[in-house]
Protein chains: 2
Amino acid sequence: MENRRTDCEAINIDIVEKVRPKMPEMNLLYELSDFFKVMGDGTRIQLLWALEESEMCVGDLAVLLNMTKSAVSHQLKVLRVAKLVRAEKKGKNVYYSLNDHHVKLILEKALEHVCE
Amino acid sequence: MENRRTDCEAINIDIVEKVRPKMPEMNLLYELSDFFKVMGDGTRIQLLWALEESEMCVGDLAVLLNMTKSAVSHQLKVLRVAKLVRAEKKGKNVYYSLNDHHVKLILEKALEHVCE
DNA sequence: ACCACAATTGAATAATTGTTCAACTATTGT
DNA sequence: ACAATAGTTGAACAATTATTCAATTGTGGT
């Protein structure tokens, strides 16, 4: 018997049990919400949008967003770990670019939603 | 002169100034990241996914997700404020359903991305 | 009128998170 | 070898947030 965290009985057990098998693996849902979590920050959205226009190095992005290099670098790391951007070192500079073109599609769909 | 928060000069001023006018209004970007913030939580993603299958009341959702009614209600409120779900009172129960069919499209696109 | 049940609410707590600051690494130019 | 610049890193701090708990509202049934 699994331990129950819930504090009530279902009103419509039939509906609940019909829906239950249609739910994706928890595993997958967490990956999904982690993905949205990465997008759910104003700075990171700006970075993604900027990099969609052109690859840039950290200093350029810092000037564009009017932030410190450190703050930008921290957020780029989050995007890097999430595999949304890619870093390439050229001399003293590190150039970042988008790693995944799904992202552009999702950003555009979400913008449609927000603008309606 | 605007106050500078940044701590460096741009390496490629030409690129920065070419990209700058292409950036959407900050305003819009914040709406966008707020939208993703709402999606960026495991519980809320589960709720959205479940409601895509069938409308349900709070008790049903609590049983399905194995959580307390209170926790579910709190998260439903977040989704309600974000206009992603709609509540309808029927007798003693409150039935929730998806309010926006863009959401399904975005969830599916994001799932494609995560599954690749 | 009363009881049982469904849902909401607000305060409290614990956990997570974004930015700052200072220290550090790595590379170029002299 | 040295100074200057680009970027990264970790700790600290403030702010935000998800869940729990207890109290409350509102509805239906008796």
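Predicted model: local features only at pLDDT ≥ 70, side-chain atom pairs only at ≥ 80, totals over all residues.
The same surface serves both of them, since 100% of the contact residues of chain B recur in chain A, contact meaning heavy atoms within 4.5 Å.

One residue on the chain B side is B:His113, placed in helix 6 (residues 102-115) of chain B; helices (H or I, at least four residues) and strands (E, at least two) are DSSP runs, numbered from the N terminus. Leaving aside residues up to four places away in sequence, B:His113 touches A:Phe35, A:Leu84, A:Asp100, A:His102 and A:Ile106. B:His113 counts as buried because its relative accessibility is 9%, the class being under 20% relative accessible area, with exposed over 50% and partly exposed in between (1.4 Å probe, protein chains only).

Turning to the DNA, 26 residues surround DNA strand D, and the closest are A:Gly59, A:Ser70, A:Ser73, A:Tyr96 and B:Ser70; a residue is near the strand if one of its heavy atoms lies within 4 Å of it. Of the atoms of DNA strand D that come within 4 Å of the protein, 68% belong to sugar and phosphate. Helix 5 of chain A gives the most to this surface, with five residues, and the elements that each supply at least two residues include strand 3 (93-98) of chain A and helix 3 (42-53) of chain B.

Several polar contacts (pairs of N or O atoms within 3.5 Å) can be located individually. In the side chain of A:Asn93, an N or O atom is 2.8 Å from a sugar or linking oxygen of DNA strand D.

Chain A also holds an open sheet of three strands in the order 1-3-2, with antiparallel pairing, two strands being paired if DSSP finds at least two bridges between them. Its edge strands, each pairing on one side only, are strand 1 (56-57) and strand 2 (85-90). A:Met56 has A:Tyr96, in strand 3 of chain A, as its bridge partner.

Residues are numbered from 1 along each chain as its sequence is written, while chains are lettered from A and ligands numbered from 1 in the order in which they are written. Local features need pLDDT of at least 70 and side-chain atom pairs count only at pLDDT 80 or more, whereas totals for chains, interfaces and linings use all residues, and side-chain values use heavy atoms, with hydrogens and water left out.

Conventions
Polar contact = N/O pair within 3.5 Å; in protein donor to acceptor, adjacent residues only side chain to side chain.
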